[in-house]
Structure formats: C-alpha cells, structure tokens
Amino acid sequence: MTRRLVLTNEAARHPFRASLPPPILPKVRDDDNDWKLFALSFAAFFTCFYTFIC
C-alpha cells in the first residue's frame, strides 16, 4: 500500500495547492544497480580488511 502525503480529494485541497502542477514521479530504471552495489560493497570490504591486516 502506497501512502501519499498529497490529498487526492480535489474538494479538500487548498486553492494554492490546487494551482500547483502534479508531482513528477521518478521513472523506475531496471538496470544493473544490484551488481554495482555488490561490487562497491565488496571493494569497500576488501579495502577495509586489507588496511587493517597490513
């Protein structure tokens, strides 16, 4: 369930808020973010581990 901070009932909205354009929702990109995060985490762990050992 998605919770919105914006009132969706037009009658309950303030005139100033009604004059604002609708919010722009970010587009979901399905690229290789999981692999990038894994590689970054692995490199950070390896760097920290190597620094403390040597």
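**Entry 1: the surface patch.** I looked up the nonpolar surface of this predicted model. Trp 35, Phe 38, Phe 42, Phe 46 and Tyr 50 form a nonpolar patch there. Together these residues have about 680 Å² of accessible area.

**Entry 2: Trp 35.** I located Trp 35 in helix H2, which covers residues 33-53.

**Entry 3: aromatic pairs.** I asked how many aromatic pairs the structure holds. The structure holds four. I noted that a pair of aromatic rings is described by the distance of the centres and the angle of the planes.

**Entry 4: Trp 35 and Phe 38.** These two residues form an aromatic pair with 6.3 Å from centre to centre and 90° between the planes. The pair is recorded as edge-to-face, because planes over 60 degrees apart count as such. Trp 35 and Phe 38 are three residues apart in helix H2, so about one helical turn separates them. Phe 38 has 52% relative accessibility and therefore counts as exposed.

Entry 5: Phe 46, at 48% relative accessibility, counts as partly exposed.

**Entry 6: the cluster.** Finally, I asked which residues the ring pairs link into a cluster. They are Trp 35, Phe 38 and Phe 42.

Definitions and conventions
Residues numbered from 1 in each chain as written. Predicted model: local features only at pLDDT ≥ 70, side-chain atom pairs only at ≥ 80, totals over all residues. Heavy atoms only, no water. Patch = residues over 30% accessible without salt bridge, like charges linked within 9 Å, V, L, I, M, F, W, Y side chains within 5 Å. Areas by Shrake-Rupley, 256 points an atom, 1.4 Å probe, with all protein chains shown as cover. Salt bridge = Lys/Arg side-chain N within 4 Å of Asp/Glu carboxyl O. Helix = DSSP H or I, 4+ residues; strand = E, 2+ residues; numbered from the N terminus. Phe/Tyr/Trp six-rings, centres within 6.5 Å; stacked < 30°, edge-to-face > 60°. Buried < 20%, exposed > 50% of the residue type's maximum accessible area, 1.4 Å probe, protein only.
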